[in-house]
Amino acid sequence: MATTKILSLYHISLLSLIAAAAAATFSPTDHFLVNCGSSAAQTLDADHRVFAGDDPRFLASTQTLLLESLDPPSPLYRTARAVTRPAHYVFPIRDRGVHHLVRLHFHPLRDNRCDLSEAEFHVVANGFLLLRNFRPSNAASSVVIKEFAIPIDSGELKITFLPSEKSGIAFVNAIEVITAPIDLIADVAQLVDAEKNERIYGLLRNGFETVHRVNVGGFKVTPFNDSLWRTWITDDEFFNSMEGSETVHFGGIIKYRMGGLSREVGPDNVYNTARVIRSKDSSIPKVNLTWSFQIEKGYSHMVRMHFCDIASVSTHMLYFNVYVNGNLAYENLDLSQITDAILASPFYADFVVDGGSSGSLAVSVGPSNMSWPRAVDGILNGIEIWKLNNTMGSFSGEVCADSVWRSWRAGHTSVVLPLIAAILFLLFASVFLQRRRNHSASTGWARLPVDVSESNLKGCNQLSSIK
């Protein structure tokens, strides 16, 4: 195995410089919340956000259905916009050249005209294939929210819904389009595997799909308590190391430093809870805290680990190692050095793992050879995992957005062309019969004039054959 390289302070400094450019109070330039299918001017969702009605300015198709449920899980899912052929939502973009958060809400409601539980469809956005052969009814929950962060360089974001040939219908209940804060995604991360640990660049060219977002050691965080309106679930189902762990809750103030991370990267309710390893005596525990996640095979993923020292009694007493898939990713991490010797100040580190065949990803923290006895010897506050698009711009298979479009057109051309041919045949047949009737009515049994030339007779026969 190659010698493990340590995450450098260059990465830390770069993140700090990017974060310093972020505004103290986040106010996104582009901010669209649309309640699809709704004619109401405004709708409050469960987190008290205001969604506008389905504005026809954004919808580039009129061949749609407006559906309504009598028993929705929340007011936002009372209505849906359903389509039987490709339809586009087009949003004007003022903040170009940055990532935008795109959230798509799905609840397969039923009304007397349509049952959306059978819907299967594709979703394309500015050349990215977001979803392919997607069936919301297959999810464990009745409500499915798909979240993406995609770079937008043009003056518009076009989101297209294409029904699959199998179901013939697509739908969406709500759409969010929000400018991402500048420090949400950095261009650099650490690529970690069994052979190497090295910096990689160019992440800002990628799109990201949210796979997991976890509040370690704490409660569920809802969009109401997150300035980017995200949901952070608890870590109970992912945590594997009950032995040696301790949960910490912090009642003080989380210190978002000037030049450090903004509150939009992670909210207070993520950083004021954590799981820790703590020495009880002069010996240092020989345990790691480990979390395991299922991921999709064949894709690169980025894992973000959130740290905030809310457990130490003094600075420069917490040293620990960080592991990704059992590989040493960060050695002797000293949060005090990163945060200018300020406790309860947040920091994150991004690690990229190449897509493989395992379908799983594990992250761990544990004591290092610099850990202190009778001190905290490991801490983690939050975990996020994103899928990166593949080289074809797809989050769903080895197929690009253009290929999905061509496939849809080909599938429907095979139906449309015979239909057009049948209509044209009936039209020509109708014209032919009508002209024959008119010709018979005008000539009756009259005798052919004797002075009609042979050439004229041939001309009439030719015209009749054309008819």
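The largest nonpolar core in this structure has 48 residues, and Trp291, Phe307, Phe351 and Ile383 are the ones with the most contacts inside it. Strand 24 gives the most to this core, with 5 residues. A nonpolar core here is a set of buried Ala, Val, Leu, Ile, Met, Phe, Trp, Tyr and Cys residues joined through side-chain atoms within 4.5 Å. Buried means under 20% relative accessible area, exposed means over 50%, and partly exposed is in between (1.4 Å probe, protein chains only). Strands (E, at least two residues) and helices (H or I, at least four) are DSSP runs, numbered from the N terminus.

Before going on, keep in mind that this is a predicted model: local features need pLDDT of at least 70 and side-chain atom pairs count only at pLDDT 80 or more, while totals for chains, interfaces and linings use all residues. Residues are numbered from 1 along each chain as its sequence is written, and side-chain values use heavy atoms, with hydrogens and water left out.

Leaving aside neighbours within four places in sequence, Trp291 is in contact (heavy atoms within 4.5 Å) with a list of residues including Val216, Phe238, Phe239, Leu361, Val363, Leu380 and Ile383. Asp235, Asn240 and Arg275 are also among them. Apart from this core lies another, of 41 residues, with Tyr89, Leu109, Val123 and Ile152 among them.

Zooming out for a moment, the protein chain comes to 5 helices and 27 strands. Of its 467 residues, 51% count as buried. If you take the contacts with a separation of 6 or more, residues 24 or more positions apart account for 77% of them.

Strand 8 (residues 121–125) is joined to strand 9 by 4 bridges, and the two run antiparallel. Within that pairing, Val124 stands opposite Leu129 in strand 9.

The loop between strand 8 and strand 9 holds Asn126, and its backbone is worth a look: phi is near 45 degrees, a positive value in a residue other than glycine. Most residues other than glycine have a negative phi. Asn126 is partly exposed, with a relative accessible area of 30%. Asn325 has a positive phi too, near 55 degrees, and sits in the loop between strand 22 (320–324) and strand 23 (327–333). At 36% relative accessibility, Asn325 counts as partly exposed.

What about charged pairs? A search of the whole structure finds 23 salt bridges, each being a side-chain nitrogen of Lys or Arg within 4 Å of a carboxyl oxygen of Asp or Glu. In one of them, the side chains of Arg81 and Asp54 meet at 2.9 Å, N to O. That pair links distant parts of the chain, 27 residues apart: Arg81 is in strand 5 (residues 79–83), Asp54 in the loop between strand 3 (50–52) and strand 4 (64–68). Arg81 is buried at 12% relative accessible area, and Asp54 is buried at 11%.

Asp55 has a salt bridge of its own, with Arg57, the closest N and O atoms being 2.6 Å apart. Arg57 is exposed, at 65%. Arg110 pairs with Asp115 at 3.2 Å between the closest N and O atoms; here Arg110 is exposed at 55% and Asp115 partly exposed at 31%. Salt bridges that share partners also join Asp45, Arg49, Arg103, Glu147, Glu176, Arg213 and Glu384 into one network.

Last stop: Ser345, in the loop between helix 3 (335–338) and strand 24 (346–353). At 3% relative accessibility, Ser345 counts as buried. Its side chain makes a polar contact with the side chain of Arg257, at 2.7 Å. A polar contact is a pair of N or O atoms within 3.5 Å; within protein, one must be able to donate a hydrogen and the other to accept it, and residues adjacent in sequence count only if both atoms are side-chain atoms. Leaving aside neighbours within four places in sequence, Ser345 is in contact with Lys255, Arg257, Phe307, Cys308 and Thr339. Phe307 also turned up among the residues with the most contacts inside the largest core.

Technical notes. Pairing = 2+ DSSP bridges.
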